[in-house]
Amino acid sequence: MDARGVSPAVEARDLKVHFSLLGGGLLKAVDGVSFEIGAGRTLGLVGESGCGKSTTGRALLGMYEPTGGEVRFEGKDIAKMSGLEKTRFTRYGQMIFQDPYSSLNPRMTVADIVGEGIDIHRIYRGRERMDRIHELLSMVGLERSHGDRFPHEFSGGQRQRIGIARALAVEPSFVVCDEPISALDVSIQSQIVNLLMDLQGRLSLTYLFISHDLSMVKYICERVAVMYLGVIVELAASDQLYRNPRHPYTRALLSAIPVADPVKERARTRVVLEGDVPSPIDPPPGCRFAGRCPVASARCAQTTPEWREIDSGHFTACWREGE
Amino acid sequence: MSLSVRNLEVSFRTYGGSVSAVRGVNIDVGEGECLAVVGESGCGKSVTAQTIMRLIPSPPAEIRGSVTMDGTELLTLPEKRMKEIRGAKIGMIFQDPMTSLDPTMQIGKQITEALTAHDRGMRRGDAADRAIEVLGMAGIPNPEKQFRRYAYEFSGGMRQRVVIAMAIICRPRLLIADEPTTALDVTTQAQILDLIRDLKTKLGTSVVIITHDMGVVANMADRIAVFYAGQVVEEGRAEDVFQNPSHPYTAALLLSRPSLDWDRGQKLASVPGTPPDLFAPPAGCGFFDRCPAAMEVCRESLPEFFEAENRGGVSHRSLCWLHHQFGKAELARWISGGRGLEGPGRLR
């Protein structure tokens, strides 16, 4: 239960996903993350490319077997689910992908794409199935007649609507949105965001919203987790996180967001990070961010900082916090 | 340096008919100025930039209009003379640093190639020294060591720095950056934007930066040109365009991105529909179908430019009938409706 008394729909406990590489070495894509998402809530997961956001999202849906830790869906460890429970879980947990061009099978009609999950889980048949597909298409703002067409006949925004209809076809309760708007144009992004938020309200969906677009995440999510090189460095209610970031990486990330206002933008001071995100292959001990951190001390490079609650509902992993 | 583009029209013949990618664009870039070209994909911003560089072969493209740099007409210049300008007087930074570098060539060699191509008499050692110097200027640590490495050995941000080094090595008077940070992460984006801004001040280069993200240009641009469906729909000083957008499309673009200081629950404006099909460009305003303030006249006839304000001798103008005598009353009503795009709806 979280502070508002909402029981978590999805929970990651010390989740680790490591990949062993052909040439030796261990790529620690996700290295011990813990969070929970309350039913009907949205958690934002932000960070730069390669920090493990997508791997976390996929592990939550059981697409990768965790190297360590566990994922719990409605209180049950998904690795220990029975066959029937697992089938049920693959229905209730769905995903919306980043690239609407490569995530739809070009040889299937839209109706077949949307209906595939309905067939697999044997939810509806015949007339009912077709009615349901049409209902889904209109729910995401497409027309009935679009069902007979192929993906290449649609624009990026429309394809993303098809991807959303496909995810919703099996009546999921939890949806991982993996960068659902980053491949779209600005004016189309707002259409999709409004659609996702509207659907969440109507169908009481739980979202994990993965994005590198920090202003959009602030707008959409109640809580936000910031990832860096396989670990979560800070997690808080979004207002709190954006108003009072406590981890130096979060501060740098927030100050790097361009603001669409020349007067404000020129008055801002920016924390510019030197260098690039280091490789997640055999990462060094200590804080992952120590090498680029403007306030790192000797301790940071040696011991991994603890994950602590520094304010109610505000977590961070930083030795320098509160010093 | 001064660049002026006049009545530029570019169309491509395809199997499906002719696409009018650029439909009568006028832009000017002055000495040491930074012009931001903002618009969505397919609005003609990259085609305009590539036409300035003469990178679009014609035929098959049909190009009309004029592009002059310091009084020289570029569109009719013989290819041999254009080669002297391309790279030397105008440098270009491309969007994707992964594909704009040759994977089989050491980066040092790629950079010096630009120099030796323009100055055949240059000694290799001198060229290498100069390349190392610009790599350093572009913020690459230990440039001597990096000189012999290949593009794949660099991260995205570092590759973009190599591309920038290549673009500035001949000290061009104009730098065209086509979505220089779109492929990069926010923190890297901030580094690259800072770098371009520094170089502009240090070298006194004029810059044209092309982007779809209004935020990217807020801190850099002196002036902004907003592109939509192959046309410039609004143009003016950055402050004026941001604070007082005078074309409904620009207003929508600014309102469709949440700002960090927004309260939660504030409504995100969403523009319905999609940009027009440029295979059959509309007779009237390109934004007609999506415009919350559209009037009957907008369907039939293409608006002219109307000046919304003029501060410090810089015109802020937009291609919109709302600024015509008879549209002004509607505009006032629309703005007093909170400019929230719920406005008066379709005016008939």
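**Chains A and B: backbone, interface and pocket**

Good morning. I begin in chain B, where Pro60(B) is found in the loop between helix 1 and strand 4 (helices are DSSP runs of H or I with at least four residues, strands runs of E with at least two, numbered from the N terminus). This is a predicted model, in which local features need pLDDT of at least 70 and side-chain atom pairs count only at pLDDT 80 or more, while totals for chains, interfaces and linings use all residues. Residues are numbered from 1 along each chain as its sequence is written, chains are lettered from A and ligands numbered from 1 in the order in which they are written, and side-chain values use heavy atoms, leaving out hydrogens and water.

What kind of peptide bond joins Pro59(B) and Pro60(B)? That bond is cis, with omega about 10°. The bond from Ser58(B) to Pro59(B) is also cis, and its omega is near -5°. Pro59(B) is found in the loop between helix 1 (45–52) and strand 4 (61–69) of chain B. In chain A, Ser204(A) is not a glycine, yet its phi is positive, about 40°. Ser204(A) is found in the loop between helix 6 and strand 8 (206–211) of chain A. For context, most residues other than glycine have a negative phi, and most peptide bonds are trans.

I turn to the interface. Chain B brings 44 residues to the contact and chain A brings 43 residues (heavy atoms within 4.5 Å). The two chains bury about 3,700 Å² between them, 52% of it on carbon and sulfur atoms (accessible area, 1.4 Å probe, lost on being put together and summed over both).

How many salt bridges cross this interface? There is 1 between chain B and chain A (a side-chain nitrogen of Lys or Arg within 4 Å of a carboxyl oxygen of Asp or Glu). Its partners are Asp213(A) and Arg257(B), with 2.7 Å from N to O.

Helix 7 gives the most, with 8 residues.

Over all chains, the count comes to 36 salt bridges. One of them pairs Lys53(A) with Glu179(A), whose closest N and O atoms are 3.9 Å apart. Lys53(A) lies in helix 1 (residues 53–60) of chain A and Glu179(A) in the loop between strand 7 (174–178) and helix 6 (186–203) of chain A, so this pair ties together parts that are 126 residues apart in sequence.

Finally, the second largest pocket. It is lined by 22 residues, and those nearest its centre are Arg86(B), Gly87(B), Ala114(B), Ala117(B) and His118(B) (on a 1 Å grid over the protein atoms alone, a pocket is an open set of points where a 1.4 Å probe fits, with protein on both sides within 12 Å along at least five of seven lines; lining residues have an atom within 4 Å of a point). Helix 2 (79–85), strand 6 (90–93), helix 3 (107–118) and helix 6 (156–168) of chain B each supply at least two residues of the lining. Which element gives the largest share? Helix 3 of chain B does, with 5 residues.
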